[in-house]
Amino acid sequence: MYNEPQTISKERQLYLKRQKRGKQKVLFWQIAILVLFLAVWEIAGQLGWIDTFILSQPSRILHTYANLTQNGILEHIGVTVYETLVGFVLGAALGTLLAIVLWWSGFISKVSEPYLVVLNSLPKIALGPVIIIWVGAGTSAIIVMALAISLIVTVLEMLNGFRSTNREHIKMARTFGASKHQIFTKIVFPGNIKTLFNSLKINIGLSLVGVIAGEFLVSKAGLGYLIVYGGQVFKLDLVMGSVIILSVVAALMYEAVVLLEKAVTRHYGR
Amino acid sequence: MEVLKVSGIGEKYQSQNGEVTALSNINFSVEQGEFMSIVGPSGCGKSTLLSIIAGLLKPTEGTITLNGKLVSGVSPQVGYMLQRDNLLEWRTILKNILFGLEIQKKLTPENIAYAEHLLKTYGLYEFKDKYPSQLSGGMRQRAALIRTLATNPDMLLLDEAFSALDFQTRLAVTDDVYTILKKENKTALMVTHDIPESISMSDRILVLTRRPGTVRNIHTITFDMEQRTPLACRSHIQFNTYFNTIWNELDVHV
């Protein structure tokens with residue numbers, strides 16, 4: 001509809017230029033704030049304004065992590081990412097499955113409602129000791145923790161999406177004689193791809209919360225372990241560095257979900 | 001020949017606050033190739049009646065027969081058009097048009113060829129691989145009609161099928177749909193609150209009373225012209241006479 005003509009008018013050129021300038025300005029300040037923050041932190045450390053033993057310092061963090069393979073940081077990242085992905089996939093699959101059951105049967109859904117409300121508001125970390133006793137202190141306990149945190153949210157989010165499917169779409173399918181199964185597979189589920197990805201985006205973060213909490217409690221490896229260990233031996237460089245790496249890992253995993261969404265919904269509408 | 005026969009239909013709703021009688025003792029029939037409309041004051045149960053005829057809703061009393069057979073549940077002989085086009089935005093136009101056949105498990109090569117033939121005849125073939133959002137409102141409504149026609153129903157039910165469109169598009173789409181239905185020789189029953197629209201399209205108009213809805217009157221609409229189209233009817237001298245008659249019967253108070 002808005003085909004660019006061969007010759008762009010002066011006003012259009014000016015408009016495009018302004019748009020570009022606006023974007024550049026935002027990006028510049030985003031980077032500038034980060035650089036400024038790191039610079040002030042570093043200089044304050046150098047000049048002795050802050051105690052680098054407690055607050056650490058960019059150069060010390062960099063030094064700690066200068067040789068990534070030597071202190072096994074890659075392995076720690078790998079462990080955390082692995083646990084998060086397993087928890088995430090399990091949470092998404094199980095959560096969606098449960099949501100389908102609840103959508104299908106109004107009776108089960110009504111009966112389980114108070115339980116879901118309680119489980120949803122319960123801080124799942126409180127279940128930590130129980131989980132450790134039940135599944136053992138190890139990777140599986142961490143994965144169960146991630147699952148516990150992300151599962152109920154997924155169920156509620158997906159169920160809500162299924163229930164708010166366009167009524168008219170469902171009626172249209174019914175006028176052709178569609179069965180409940182057909183209504184689900186051809187209208188409700190494909191109509192909720194957006195909901196699914198929204199819930200995946202929330203989930204990837206929640207799974208990471210669960211994994212870190214689990215690693216605080218039981219692990220021998222992983223970023224959560226590094227943070228706890230660093231804190232216990234008062235190596236703040238290790239703690240700060242791990243937190244920074246963790247935020248990068250979290251952002252990358254979120255971005256991966258966004259990319260997946262773009263690939264799947266490429267056709268949808270535009 | 002009689003396609004649809006509605007006899008003694010009554011409908012009661014049960015709700016927490018009590019019982020509501022929506023329709024009572026409705027009788028009429030629709031002939032092959034006829035275009036019939038149902039008008040009535042809002043809340044008189046027009047759409048409920050259409051849902052009953054489509055087999056989506058069970059009547060409390062009475063029977064519906066379609067080509068002599070009793071209706072129980074949704075019948076593939078009936079096509080239903082809703083207010084919105086309800087095209088699924090994740091499907092291409094072709095896939096949308098084949099939706100009904102897919103649901104009814106009738107995706108045979110002949111049926112697909114017929115659907116494609118309809119697309120070609122009504123100028124949507126070049127858009128078959130596009131998505132609904134890339135089409136204009138009028139084209140979307142036409143695609144929805146083709147989706148209904150693709151299952152080759154004997155009778156079409158139109159439930160306020162044009163009221164979601166803006167006025168100009170609506171005039172064009174009613175002309176479009178009318179021509180298509182006449183060309184395919186389909187029987188149609190339309191529910192609408194728009195009196196001019198019903199006069200411009202119908203061979204007969206059924207006026208319902210306010211709740212509980214019963215048949216107040218059935219008018220035969222004829223225009224003294226060669227090639228009848230909805231748009232031409234609107235400027236015909238008889239149009240206002242019909243309008244006034246029906247308006248008075250609707251007995252609208254504000």
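User: S56(A): buried or exposed?
Analyst: Buried here means under 20% relative accessible area, exposed over 50%, partly exposed in between (1.4 Å probe, protein chains only). S56(A) has a relative accessible area of 0%. Therefore the label for S56(A) is buried.

User: What kind of model is this, and what pLDDT do local features need?
Analyst: Residues are numbered from 1 along each chain as written, chains are lettered from A and ligands numbered from 1 in written order, and side-chain values use heavy atoms, leaving out hydrogens and water. The model is predicted: totals for chains, interfaces and linings use all residues, side-chain atom pairs count only at pLDDT 80 or more, and local features need pLDDT of at least 70.

User: Where is S56(A), and what is its phi?
Analyst: S56(A) sits in the loop between α2 (52-55) and α3 (58-64) of chain A. Helices (H or I, at least four residues) and strands (E, at least two) are DSSP runs, numbered from the N terminus. Most residues other than glycine have a negative phi. In S56(A) phi is positive, near 60 degrees.

User: What is the phi of E160(B)?
Analyst: E160(B) is in the loop between β7 (155-159) and α6 (167-183) of chain B. It is buried, at 10% relative accessible area. Its phi is also a positive value in a residue other than glycine, near 50 degrees.

User: Which is the peptide bond from R211(B) to P212(B), cis or trans?
Analyst: P212(B) belongs to the loop between β9 (204-208) and β10 (215-220) of chain B. Omega from R211(B) to P212(B) is near -5 degrees. The bond is cis.

User: How many residues are in the largest nonpolar core?
Analyst: A nonpolar core is a set of buried Ala, Val, Leu, Ile, Met, Phe, Trp, Tyr and Cys residues joined through side-chain atoms within 4.5 Å. L4(B), F28(B), I53(B), L157(B) and L189(B) have the most contacts inside the largest one. A second, separate core of 34 residues includes L94(B) and L119(B). The count for the largest core is 52.

User: What area do chain B and chain A bury between them?
Analyst: 27 residues of chain B are in contact (heavy atoms within 4.5 Å) with 20 residues of chain A. Of the total, 63% is on carbon and sulfur atoms, and the total is about 2,100 Å².

User: What is the volume of the largest cavity?
Analyst: On a 1 Å grid over the protein atoms alone, a cavity is a set of points where a 1.4 Å probe fits but cannot get out, and a pocket is an open set with protein on both sides within 12 Å along at least five of seven lines; lining residues have an atom within 4 Å of a point. Points are joined across faces, edges and corners, and a volume is the space filled by probe spheres set on them. I131(A), M145(A) and L217(A) are among the residues lining the largest cavity. Its volume is about 50 Å³.

User: Which element gives the most to the lining of the second largest cavity?
Analyst: This cavity holds about 40 Å³. Y80(B), R84(B) and D85(B) are among its lining residues. The top contributor, with 3 residues, is α5(B).

Methods. Buried area is the accessible area (1.4 Å probe) that two parts lose on being put together, summed over both.
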